[in-house]
Amino acid sequence: MLETWYVIAALMFAIYVALDGFDLGAGIVSPFVARSDPERRQVLAAIGPYWDGNEVWLLAAGGALFVAFPRVLASGISGFYFAIFLLLWCLLGRGIAIEFRSHVVEPLWRAAWDFVFAAASTLLAVFFGAAFGNLMRGVSLDRDGWFALPLFTDWSARDPVGILDWYTVLTGVFALLALGAHGATFLAWKTDGPVHDRSRRAARRLWIAVAVLWPVVTAASHVVNSSLFPGMGRRWLAIAAALFAIAGIVAVFVRLARGGDFGAFLGSCAFLLGIIGASAASYFPVMLRATGGDALSLTAYTGGGDEAGLRIALRWFLVGAPLALIYLGVVIWLHRGKAVAAAEGEGY
Amino acid sequence: MDDALVFHRLQFAFTIVYHYLFPQLTMGLALLIVIMKALGLRQGGERWNDAARFWIRIFGINFAVGVVTGIPMEFQFGTNWAKFSRHAGSVIGQTLAMEGLFAFFLESSFLFLLVWGERRLSKIGHFLAAVALFLGSWLSGYFIIATNAFMQYPVGHAVAADGTLRLVDFWAFVLSPWAIVQYAHNMVAAVVTGAFVMAAVGAYYTLTRRHLPTAGLFLRLGVTAALVASVLVTVTGDRQAKLVARHQPVALAAMEGRFESGAHAGLNVIGQPNVSARRLDNPVVIPWVLSFLAFGTFQAPVQGLDAFPRDDWPDNIELLYYSFHIMAGLGTILTAIAFVAVLLWWAGRLERSRPMLWILMLAFPLPYIANTVGWMTAELGRQPWLIFGVFRTAQGASPTVHAGTVLFTLIGFCGLYLALGILFLFLIGREIAHGPAPLSPAGRGHVEPVHA
């Protein structure tokens with residue numbers, strides 16, 4: 001049962017990254033691909049129907065973690081206290097920027113919200129990447145399973161660790177590039193005109209950067225946590241996910257070269273799902289690695305809730321998760337085709 | 001109490017009080033919008049659709065702020081109350097996760113269609129989007145109340161060998177009687193907020209002689225819904241008070257400012273609790289009524305604070321006492337206003353009665369205050385427990401987060417929320433100044449390709 005919930009939680013976080021990743025990515029590249037006000041509105045129209053629902057995957061994944069692995073959630077989130085609040089404030093600012101921008105026809109008002117949207121999206125991508133790096137590298141868990149990390153220490157990725165060091169900054173930059181590439185690919189699919197052309201150019205360049213940095217990040221992960229690759233070698237699921245990621249990035253390059261924007265976006269989703277799936281499968285059963293030794297790590301078995309409660313939760317989860325996917329399908333279907341910017345004064 | 005605990009509590013209290021200003025309106029409006037869209041379908045014509053469109057725009061702005069201020073609430077269980085999450089996560093995590101899965105996805109998927117899709121959907125389709133949003137927002141409310149009800153009146157759980165709580169009976173937990181009564185009370189109170197805000201805007205337009213036909217619809221629907229909902233608030237509030245009397249007698253004693261136990265208990269209408277002297281100063285008492293309200297007979301003995309150890313008293317009796325009395329007082333005033341307004345409407349004089357229109361226009365903050373102090377009554381009454389009788393608040397805070405860090409984030413929230421509040425009022429003010437408008441071919445709801 002705990003294994004099942006590990007897979008569910010990992011899958012939900014992976015879906016979150018693939019979905020909210022594209023609207024974060026659209027925010028990251030928006031200053032570069034959209035230069036006039038109608039073009040900015042085109043970018044917002046492309047993500048408008050989706051971004052709120054995409055963000056719900058973060059809450060739902062957090063909820064899955066809460067019910068299935070309360071110890072992991074409690075230690076992890078309180079240990080990263082400061083970083084979590086910076087993250088929440090970015091989510092807050094970004095949501096307000098998207099919602100409030102178009103209400104007032106006034107260049108300064110819009111420029112200010114465009115800046116908040118782009119800056120918060122960029123910071124969020126870096127934070128998520130750094131958070132991922134922290135999980136891979138490990139945190140200083142004590143014997144009761146608690147920790148508190150400062151924002152940074154000596155940048156060495158060795159105890160005493162901080163949230164930021166050379167490795168987590170590297171994963172943060174990688175996430176920024178990967179989500180930027182993902183967002184640019186999405187915009188290439190959903191927009192037309194100059195925004196489409198610029199998005200495709202941006203996507204090509206960003207994907208080259210991702211392809212170069214990916215092996216570097218992989219090697220660095222091995223340096224800070226030598227147990228990841230043996231973990232991967234033992235599990236067919238991890239190898240399959242890694243192959244899926246490789247197939248995804250190859251598809252991105254092939255489709256971008258031949259002009260198949262939708263195929264490129266699917267490849268991009270496959271890449272993100274693949275790298276997160278491979279990492280999670282290699283990491284299992286660890287959920288929060290301790291830098292002070294494996295005995296202190298929180299695993300799916302030591303950090304989990306009770307069997308009976310999880311069996312109950314699985315029942316309603318199997319009802320709710322398909323519903324969520326159906327709504328997502330309805331929204332995608334209703335907004336099929338290229339996004340068109342809202343007319344001035346439309347909506348609320 | 002150590003400093004960190006004070007700041008943890010302040011931060012949670014501040015962020016949730018602020019957050020709840022928005023969902024109480026959207027949950028109330030969600031129902032009223034469904035009613036307006038249904039009337040629009042039945043009567044044909046565009047009057048009710050124009051009215052609904054205006055409120056959907058107000059709903060959208062409120063919803064946006066509600067969503068972004070709600071996200072920190074979910075996270076604070078982990079950031080600030082980590083020991084509580086570790087202790088009870090297997091139980092309360094269920095309802096919190098269900099809220100995400102069953103309610104948030106529904107809301108987020110259909111809000112965009114309701115706000116932006118009037119031109120793209122058929123009339124029935126747009127009505128169904130309103131229904132989906134109503135279901136989503138009311139379900140969301142249920143899961144939150146069910147979570148809170150467990151903290152007020154824990155049922156369906158067992159204590160495991162390691163001391164953590166486990167879920168044993170799912171249905172007892174999800175359909176706890178406390179959850180059902182508190183939910184009913186809470187939701188009709190949210191409708192009171194929506195109805196009074198609607199009536200206030202209608203009164204404002206009528207007094208300034210603008211948008212008159214639509215303003216009349218706002219007024220009539222507003223005061224009718226306000227009357228029905230505020231009567232139901234009283235009925236459900238009475239049910240809830242009886243539950244408190246039975247299961248949290250110490251909270252009832254503190255809410256009532258009752259320091260001594262005894263039969264034939266009187267209802268304290270006014271008075272100032274003097275906790276150090278253990279008495280109520282300047283009391284105005286209606287004899288025997290508390291016994292009757294709490295237990296159904298005038299002789300029933302009602303426990304006072306003296307029946308409980310000092311350690312189990314709610315830790316802010318004064319604030320709890322005033323919260324409860326302000327809630328009850330405002331509830332009475334709001335019911336009276338709605339009753340008189342509906343009488344005037346029946347007499348055909350509502351839209352010409354300037355004093356009543358002034359009262360309706362200025363009364364809209366009152367339900368907000370009543371809802372806020374109502375929540376404070378529930379939450380302060382639960383103290384000093386996080387889970388009543390099971391787990392104390394002092395045991396629940398995160399062990400590794402010190403006071404300085406929490407104060408930093410608390411100050412950050414104060415600043416951000418102040419800015420957010422100013423922006424919100426600015427945008428709502430613009431919407432009200434702009435007023436309801438028909439769906440014009442080139443205007444709202446119309447979609448036009450940028451690169452035609």
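A word on the ground rules. This is a predicted model, in which local features need pLDDT of at least 70 and side-chain atom pairs count only at pLDDT 80 or more, while totals for chains, interfaces and linings use all residues. Residues are numbered from 1 along each chain as its sequence is written, chains are lettered from A and ligands numbered from 1 in the order in which they are written, and side-chain values use heavy atoms, with hydrogens and water left out.

Now for the build of chain A. It holds 12 helices and 2 strands, where helices (H or I, at least four residues) and strands (E, at least two) are DSSP runs numbered from the N terminus. Read from the N terminus, the order is α-α-α-α-α-α-α-α-α-α-α-β-β-α. The C-alpha atoms fill a box of roughly 60 × 40 × 40 Å along the principal axes. The radius of gyration of chain A is 20 Å, which agrees with the value near 20 Å that a compact globule of 348 residues would have; the radius is taken over C-alpha atoms, and the globule rule is 2.2 Å times the number of residues to the power 0.38.

Of the 348 residues in chain A, 61% are buried (buried is under 20% relative accessible area, exposed over 50%, partly exposed in between, with a 1.4 Å probe and protein chains only). Among contacts (heavy atoms within 4.5 Å) between residues at least 6 apart in sequence, 77% join residues at least 24 apart.

A few backbone spots deserve a look. Most residues other than glycine have a negative phi, and most peptide bonds are trans. In chain A, the bond from A:Phe284 to A:Pro285 is cis, with omega near 0°, and A:Pro285 sits in the loop between helix 11 (261-283) and strand 1 (286-288). In chain B, a cis bond joins B:Gln383 and B:Pro384, with omega about 5°; B:Pro384 belongs to the loop between helix 12 (365-382) and strand 5 (385-387).

Then there are the tryptophans. A:Trp155 is not a glycine, yet has a positive phi of about 65°; this residue is in the loop between helix 6 (107-137) and helix 7 (166-190) of chain A and is partly exposed, at 40% relative accessible area.
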